Amino acid sequence: MAQWIHMSQMIQRLSDETVNNLYPPTAFPIEVRHFLAEWIESQRWDDFALEKVELESQAQTLLDQTISMLQSISQQNANVVDKLKLMQISRNMTMLNQQPLRFAVMVKEILTKERALLGTLPQTPSSTPQYQQHQNRENSFPSMQDVDHLVLKVLEVQDIRQKMHQLQEELNWERQNFEGLQGPIQQNGMDPKNSEIQKLQNHIQQLEYNVKALATKRFQLLKECVDILDQCQTRLISRLKAWRWEQHKATIGHPFDENLHPLQTWCEQLLGVNGKLRQELMLIGEPIPELQERLGKLLQVLIQSSLMVEKQPPQVIKTQSKFCTTVRYLLGEKVASGKPVVLKAQIMNEMQARNLGSVPGDNVGELINNTAILEHNAVSKSTCATFRNMSIKKIKRADRRGSESVTEEKFALLFSAEITITGCDTPYRIQMISLPVVVIVHGSQDNNALATIIWDCAFSESDRVPFMVPERVPWRMMYSTLNSKFTSEVQTNHNLDHYNQHFLAQKIFDKPDFAEDFSNILVSWGQFNKEVLPGRTFTFWQWFEGVMDLSKKHLKTYWSEGLIFGFIGKQHLHLILKDRPNGTFLLRFSDSEIGGITIAYVSATENGGQKIQNIQPFTKRDLDIRNLGDRIRDINDITYLYPAFPKDEVFKRFYSEPRASPPGGYIPVSLQTRVGTEGREGSSAIPLTPSMTPIAVSPASNIYPVNQFQQPLGQQEQDMEGGPSGEFSGFNDQASANMEIDFESLLENLPE
């Protein structure tokens, strides 16, 4: 069924690009189109490309066969009009003899597009939170089968019109013959009931009846076509909304297929159907106000709904900073030529976004470079307006409510233009609003502004009143958001596990002793990013975002391969390490410092017991100086990654290669990590390799002091007794990472 339609599109494209007087393919009988479509589909077109000159003879053969096929069908067709049209097409297609490869590539592109459109529809992402499931994609797609069915109905209407035209011509002819017989009948005294005359009268009556019957059927089919068009367009609009919704959710890491070409094809098809139906109504000769009004409203909605923000502006925008955005019009190829279409952007606040249909209020901001021309790209078949150097010069803020900060106020960009579509006399005003944005004036506001955007993208509902979001959400929703955001930012498939989830819940709710399920406990916006964590100077989101940033820049591979335990509380740390041999360690994110990773390991006490040491966290700055793998190699006190993996086997590929000696006879210098009293007199030190002798500290590095937490410790961070012997001293945070200089080696190698 779809092949008939795409065959028609193919012939139409061929006609558009060769001659202007080719008859429209939709006027052919269905069986002709069906036959041609099946034949074209059966040929091998996949290998053709314009640069493959060696295939030109093969392309010429296929073109000749196509022309021959059209000529053969035209000779066999009993309908004179159809025969003439097919012969005309075959003659026009001979004009492509000079470019047979172009013909082959054109057919290949159409068939490829058809197969893609008829392929399996993508499924709803499994990561979509249970609390907010958008309408099933399969139900919201205006499927190709529906559009095919609609197009076939329109073709049937056109066939009926043609048959009516032929019957009307025959009826006019027979009436003329009958009127011509009236004179001889009266003059010669012939019996009006003569069998030949009576037969002619009966034939005329039958023709009149058939014309009326076809007219009735034609009207019913037109009404049915408008109903189906309405249904298809409703589903298309739903899919356009779903695309924007998925684009919104992509901010927090949900999968998003940004390809707009299938939606553009459906928009163009429905616009074409609407035009054909309006044309059929005009050809009836008698006005049908109900159907004309419905088609007019459907046309207006389709034209106004086809503007999409393909590339959203940054959702956190700093004033006086350049940014770009791209707006795409899905009916761009149908825009009337002549006057260029200029899109204008303006910034609006939350109240203005809620009243888009009303008279615009005061200008709340000044946008620089806020206009762009809608331009068509013949290669990508897209029509876009790109704002390349837009910036916000100033912003007018609303009165803040209560403790609301400037980073909680949301704005949006409104894109609008006046457009005229080919075949439509009336210009239409089109507009589309961007996703919410937060406007800041200083980089220090970026983190809090991003928190506002994350909350909005994660917990807003589709078709909401701009920009309403709940104040509280269940923890399961919050955790799903944190996991999606973390994995997408770090670009990893390794998710947070249930241990991580439980610790994050303990941290945000400040419930270190809570061992039950947190799933249904409500977490508030304040707990997420307004209230500082107990004993800390930062909020939960600031701390979590710091971990993401560190992981993205320095720990991606470690995390992806499961080498980092991640988020773990000290109570849990005690339970899993207390029975492990000395030197067992794991990597966890610091819960006392933003953007830090620490090494927790089991070490011996002076009385033969065990204690857990936590090395001072390594931050981005530290890992810029020396990577995590080299720091792990440097530390003698850690030997086995939990549960029992030799560290050199696990981390060997992360170790840096020894550096070659610099030119000029200089002694190579390198950095090395020391913990506690390592490297001091009487303690064991890591054997120095040639490339690490002597060891020096760069000016950018620090000697790490013993880690003393300045903030009060919660119950989860207090020392705990444990272990079979009672000598397990619990959590000891007195270990620290140090850089030491081997002055003796340095002096020995100095030139005399």
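Leaving aside neighbours within four places in sequence, glutamine 312 is in contact with Gln247, Cys324, Thr325, Ser434 and Leu435. The model is a predicted one. Glutamine 312 sits in the loop between β1 (307-311) and β2 (316-318). With a relative accessibility of 17%, glutamine 312 counts as buried because the limit for that class is under 20%. Its side chain makes a polar contact of 2.9 Å with the side chain of glutamine 247, and it also reaches the backbone nitrogen of leucine 435 at 3.0 Å.

The protein chain has 752 residues, of which 49% count as buried. Its secondary structure comes to 21 helices and 21 strands. Among contacts between residues at least 6 apart in sequence, 71% join residues at least 24 apart.

The count of salt bridges comes to 27.

In the pair of glutamate 246 and arginine 239, glutamate 246 is buried at 11% relative accessibility, and arginine 239 is buried at 4%.

Lysine 552 is partly exposed at 37%, as is glutamate 489 at 26%.

Arginine 633 and aspartate 630 are about one helical turn apart, because they lie three residues apart in helix α19 (residues 628-634). Arginine 633 is partly exposed at 26%, whereas aspartate 630 is buried at 3%. Elsewhere, salt bridges with shared partners join Lys223, Asp227, Asp230 and Arg294 into one network.

Methods
Residues are numbered from 1 along each chain as its sequence is written. This is a predicted model: local features need pLDDT of at least 70, side-chain atom pairs count only at pLDDT 80 or more; totals for chains, interfaces and linings use all residues. Side-chain values use heavy atoms; hydrogens and water are left out. Helices (H or I, at least four residues) and strands (E, at least two) are DSSP runs, numbered from the N terminus. Buried means under 20% relative accessible area, exposed over 50%, partly exposed in between (1.4 Å probe, protein chains only). A polar contact is a pair of N or O atoms within 3.5 Å; within protein, one must be able to donate a hydrogen and the other to accept it, and residues adjacent in sequence count only if both atoms are side-chain atoms. Contact means heavy atoms within 4.5 Å. A salt bridge is a side-chain nitrogen of Lys or Arg within 4 Å of a carboxyl oxygen of Asp or Glu.
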